[in-house]
Amino acid sequence: PKTYSTATGPYQPRNYDRRFRGPTRIREALASSYNVPAVDVASSLGAGALLQTLRLAGFQSLQRDAEYYGLGLALGNGDVTLIELANGYRALANGGEWQPWTWRLTSSPTGAPPATAGVRRVISPAASAIVLDILSDPAARIPGFGTSTPFDFPFPVGVKTGTSRHFTDNWAVGTTRAFTVAVWAGNFSGHAMEGVSGVTGAGPLLHRVVMAVSRHVPPGVLTTPAEVGAVSLPVCRLSGLR
């Protein structure tokens, strides 16, 4: 447990399951959707830097200043649209480059040329490859979700879930080299669901949609960290040092 001093008072984030696990690798923390490590990273970087990166990634709905969102921005406390979320994750599969989305009147993958105007870099190719390598690692999500989830696919898919407070919303995003799927589950009235998480609610729907799309669009292979210059080294699990 850790308490952060904020403009609105002390803030003590908790994980979804209300458990604290001690030193945890970033790989397991991200893949298992642990809240506490995410807030700790946001505190180190600053909410302003995080907000700037999210805006680079196309989240135009985040119109308030960093002080308004605070460190909870790392956990998704800013309202965004489903298309913004999908295209933000799409930037990861594009090697860290964001590009505008557009509607298409055909399901053919060659129905329109890719957009080039407005393309901008959000993060480095190495960083995006490492993030997707984590999000597509079934073993890394076992501590948080167990061995059986809706996110087991016969091809590489980077997956992330999210559940808002009181189960009002839950989300699941899956991205491959060729396509990205984002799913929202909730009540249009805004009433909370009863114990439905991103894994049990949006997760099964995400799985069905990803598999359906893959029958028409070959998913391809995600870029590995080694292909963009990242080097694997032995690291102490407890200290995080080489």
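This is a predicted model: local features need pLDDT of at least 70, side-chain atom pairs count only at pLDDT 80 or more; totals for chains, interfaces and linings use all residues.
1. Which elements do the buried residues of helix 6 pack against? The partners are helix 1 (26-31), helix 5 (82-93), strand 5 and strand 6 (169-175). Helix 6 itself covers residues 125-135, and its buried residues are Ser128, Ala129, Leu132, Ile134 and Leu135. If you have the structure open, these residues make a handy starting point for looking around.

2. Now for the whole protein. It has eight helices and seven strands. The radius of gyration is 18 Å, close to the 18 Å that the globule rule gives for 242 residues, so the protein is as compact as a globular protein of that length. Along its principal axes, the C-alpha trace spans about 50 × 50 × 40 Å.

3. Of the 242 residues, 33% count as buried. The protein exposes about 14,000 Å², and carbon and sulfur atoms supply 57% of that area. Among contacts with a separation of 6 or more, 58% come from residues 24 or more positions apart.

4. The largest nonpolar core holds 21 residues, and Leu51, Leu62 and Tyr89 touch the most other members. Two or more residues come from each of helix 3 (47-56), helix 4 (66-69), helix 5 and helix 6. Helix 5 gives the most to this core, with six residues.

5. Leaving aside residues up to four places away in sequence, Leu51 touches Leu62, Arg64, Asp65, Ala66, Tyr69 and Leu73. Leu62, one of these contacts, is also among the residues that touch the most other members of the core. A second, separate core has 15 residues, including Phe151, Phe153, Ala185 and Val199.

6. Where does Pro156 lie? You will find Pro156 in the loop between helix 7 (142-145) and strand 5 (158-163). Its relative accessible area is 32%, so Pro156 is partly exposed. Not counting residues up to four places away in sequence, Pro156 touches Thr175, Thr176, Gly220 and Leu222. Pro156 and Ser32 are 124 residues apart in sequence, and their C-alpha atoms are 17 Å apart in space.

7. Two backbone angles are worth checking. Most residues other than glycine have a negative phi. Arg18 is not a glycine, yet it has a positive phi of about 65°. Arg18 sits in the loop between strand 2 (9-11) and helix 1, and it is partly exposed, with a relative accessible area of 49%.

8. The other angle belongs to Ser33, which also is not a glycine and has a positive phi, near 60°. Ser33 is placed in the loop between helix 1 and helix 2 (35-45). Is Ser33 buried or exposed? Its relative accessibility is 17%, and the cut-off for buried is under 20%, so Ser33 counts as buried.

Technical notes
Residues are numbered from 1 along each chain as its sequence is written. Side-chain values use heavy atoms; hydrogens and water are left out. Helices (H or I, at least four residues) and strands (E, at least two) are DSSP runs, numbered from the N terminus. Buried means under 20% relative accessible area, exposed over 50%, partly exposed in between (1.4 Å probe, protein chains only). Contact means heavy atoms within 4.5 Å. A nonpolar core is a set of buried Ala, Val, Leu, Ile, Met, Phe, Trp, Tyr and Cys residues joined through side-chain atoms within 4.5 Å. The radius of gyration is taken over C-alpha atoms; the globule rule is 2.2 Å times the number of residues to the power 0.38. Accessible areas come from the Shrake-Rupley method with a 1.4 Å probe; for residues, only the protein chains shown count as cover.
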